[in-house]
2 protein chains.
Amino acid sequence: MRILADAQALEAAGRDVIHLEVGEPDFPTPQPIVDAGIAALADHRTYYTGACGLPQLRAAIAGFYASRFGVRVDPRRIIVTPGASGALQLILALLVGRDDEVLLADPGYPCNRHLVRLFEGKAVNVPVGADTRYQLLAAHLGAHWSDRTVAALVASPANPTGTVLEAAELAALAGACRERGGALIVDEIYQGLVYDRPHETALSSADDVFIVNSFSKFFQMTGWRLGWLVAPDWAVDDLEKLAQNLFLAPPTPAQHAALAAFEPATLAILEARRQELDARRNYLSARLTQLGFVQAATTEGAFYLWVDAARFTDDAAAFAAQLLADEAVAVTPGLDFGDAPTMLRFAYSQPIARLEQACDRLAHFCKQDLQNGVFRP
Amino acid sequence: MRILADAQALEAAGRDVIHLEVGEPDFPTPQPIVDAGIAALADHRTYYTGACGLPQLRAAIAGFYASRFGVRVDPRRIIVTPGASGALQLILALLVGRDDEVLLADPGYPCNRHLVRLFEGKAVNVPVGADTRYQLLAAHLGAHWSDRTVAALVASPANPTGTVLEAAELAALAGACRERGGALIVDEIYQGLVYDRPHETALSSADDVFIVNSFSKFFQMTGWRLGWLVAPDWAVDDLEKLAQNLFLAPPTPAQHAALAAFEPATLAILEARRQELDARRNYLSARLTQLGFVQAATTEGAFYLWVDAARFTDDAAAFAAQLLADEAVAVTPGLDFGDAPTMLRFAYSQPIARLEQACDRLAHFCKQDLQNGVFRP
């Protein structure tokens, strides 16, 4: 977050900053979704909905699971939330008592750990590396699962690495959690943003997992703050009560807008954008490799490249700060996601022309850097 | 909440239910706010904002404190949140460690207690009665403040009672909390919905309190899910980090819409509606008194009447359930708010013609009831 604040300060001072640090697609919300939102406002559909969201939206999400993934989900098991943050809050409030432990991959999305702590649970970071594509797998559980462990939280596609869990890995994880009396939580907020592979959900591998999802990334509705969760049937009534206490209801205009998210016209726009992201991924990946950054795992999803800058520095945070100051290119240091001091996350949430400019600046910076030896004293 | 579900079920079965149980004004969001929301959507202003909200909205809220209440607040101390729920979550996450105690009035809004418990704090219910207009006052603190108490939470105007704290009472409360090393949290979500008295804020009485506020009630933006808090300066940086972890940012379209909330045209609409609520209050209050319900305290704010049904029953929850079943009038039993078995809350969030109809049905029910002796066996 310091990089983002510094980047904004530079920008305010008139510099042309290239933002490869933010977890937000540059695309505007697709027009059919915007139009549905406008129609809802014009029609004064702005009163509270039920705590679990509009019945027709829950049904539409269930319809999407059926049509896209071939998975049947009772709409009752789908709870619409204020963003994925709201979904994870509900699940943690339900599952995590004080001092209960939740296993998470390190590196991983830092807010998840913080949320576990806010509910007085203990976030147990499980170091993962290139050998498992930075994913927490069933094989890790034995060494980290304790009497106090209640759940493991994985993400597919993952942030910051962009790697994906295979169906067999998810089934093994769900089974391993189940036989230990715990739950598997799967963060699927980058679902749909996958390249060279089919669309997938963990619900195809196991029916008793907790799913966190979002309209922010694939559907490009970031600022609308809308997400959902899928829970086992036994959990739904308690989750509804928690939703009433934690946030009453998700935002109404966003829910009406999201009804248009699953229409063919919207899905066609989203598919074109997915292809555009794929092209960016290929471009940026090739340029960074050429420059000497090492991709430790193949990025198959989300819109991030997770690269090792060890050739240039043993302090990627200092490297990122200097890169921003010298060349006005903002990237996120690996330390923001865990114990990864030489890693950097590049978001390809900018058009290719802009990525090209960023890489040219980066090339200049690395050349200077190697000459001056700033980062490897 | 059971009454609401039962009322909806009756309605689905074709009954003409009169809803006096819901905490939502029947007015649509004022048109200038809706228009600003539509303009924001048309203009694709749907990306994430900063965690604390749009700078121009924080400035507009500060401007409102200056113009309406004559209070200067640095916009930096104002954090825009997803509803008042989000504001209270942030404040509790900041102030309440495990087993720390928070004092709350009983009766009071039940979600507040539940939120304290979700953050592993202990909600200490302080019984309050008609002698203090159902308000927790400084005089109560001595008997309930312990080594583990970190804050007292009061509401003005209050739910379910509609009573207001006087400036001197707020100053005394703030001082008493301060000298014990704790904080005063003031829920002002019904601010502006006051009758026979001026608009007020606790910030006029003390600068170091935590304020919870909302665009839902006075500004009639319920489903938009937007609120704010005001915090002492020392707390702002930590609250910003908590906001990033708990919900990233408040909804963007709602923030742009809310910029129109403080315009003269909007405020004129809101003043007309406040007068309409006042007329409803006077009507309903007179009719209920005539029927034999006792108002234990003068309702000066919000849109609730808190009445004692002891003349008819010693089980107001059963009374409310039977009233709904027999006459399709929904009201909320006092037990939903605390230890108040003979009390009922009537929301005057319906037009007078509808209130008249409700009172006629109630009169019929009470007559029947007294004859049959159902509630006083």
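The side chains of A:Arg98 and B:Glu120 meet in a salt bridge, with N and O 2.7 Å apart; the term denotes a side-chain nitrogen of Lys or Arg within 4 Å of a carboxyl oxygen of Asp or Glu. Four salt bridges are counted between chain A and chain B. The model is predicted, so local features need pLDDT of at least 70 and side-chain atom pairs count only at pLDDT 80 or more, whereas totals for chains, interfaces and linings use all residues. Residues are numbered from 1 along each chain as its sequence is written, chains are lettered from A and ligands numbered from 1 in the order in which they are written, and side-chain values use heavy atoms, with hydrogens and water left out.

Between chain A and chain B, 29 residue pairs are in polar contact, both residues being at pLDDT 80 or more. A polar contact is a pair of N or O atoms within 3.5 Å; within protein, one must be able to donate a hydrogen and the other to accept it, and residues adjacent in sequence count only if both atoms are side-chain atoms. On the side of chain A that touches chain B, two or more residues each come from helix 2 (31-42), helix 4 (83-95), helix 5 (110-118), helix 8 (236-247) and helix 9 (252-258) of chain A. Helices (H or I, at least four residues) and strands (E, at least two) are DSSP runs, numbered from the N terminus. Helix 2 of chain A gives the most to this side, with six residues. In total, 47 residues of chain A are in contact with 47 residues of chain B, contact meaning heavy atoms within 4.5 Å. The two chains bury about 4,200 Å² between them, 56% of it on carbon and sulfur atoms; buried area is the accessible area (1.4 Å probe) that two parts lose on being put together, summed over both.

Within chain A, the domain assignment gives domain 1 (2-23 + 266-368) and domain 2 (33-262), with bounds that come from an automatic or database domain assignment. The contact takes 26 residues from domain 1 of chain A and 34 residues from domain 2 of chain A. About 2,500 Å² is buried between these domains, 56% of it on carbon and sulfur atoms. The rule finds two salt bridges across the domain interface. A:Arg197 also forms a salt bridge with A:Glu300, in which the closest N and O atoms are 3.1 Å apart. Helix 10 (264-291), strand 10 (304-308) and strand 13 (343-347) of chain A each supply at least two residues of the side of domain 1 that touches domain 2. The largest share of that side, eight residues, comes from helix 10 of chain A.

In helix 1 (residues 2-12) of chain A, the buried residues are A:Ile3, A:Ala7 and A:Leu10. Seen down the helix axis, these residues fall within an arc of 60 degrees, so they line one face of helix 1 of chain A; the arc is that of the directions from the helix axis to the C-beta atoms. On the other side of this helix, A:Arg2 and A:Ala12 are exposed. Buried means under 20% relative accessible area, exposed over 50%, and partly exposed in between (1.4 Å probe, protein chains only). Among the elements covering the buried residues of helix 1 of chain A are strand 1 (18-19) and helix 11 (316-327) of chain A.

In chain B, B:Thr313 is found in the loop between strand 10 (304-308) and helix 11 (316-327). B:Thr313 counts as buried, at 1% relative accessibility. The side chain of B:Thr313 reaches the backbone nitrogen of B:Asp315 at 2.8 Å.
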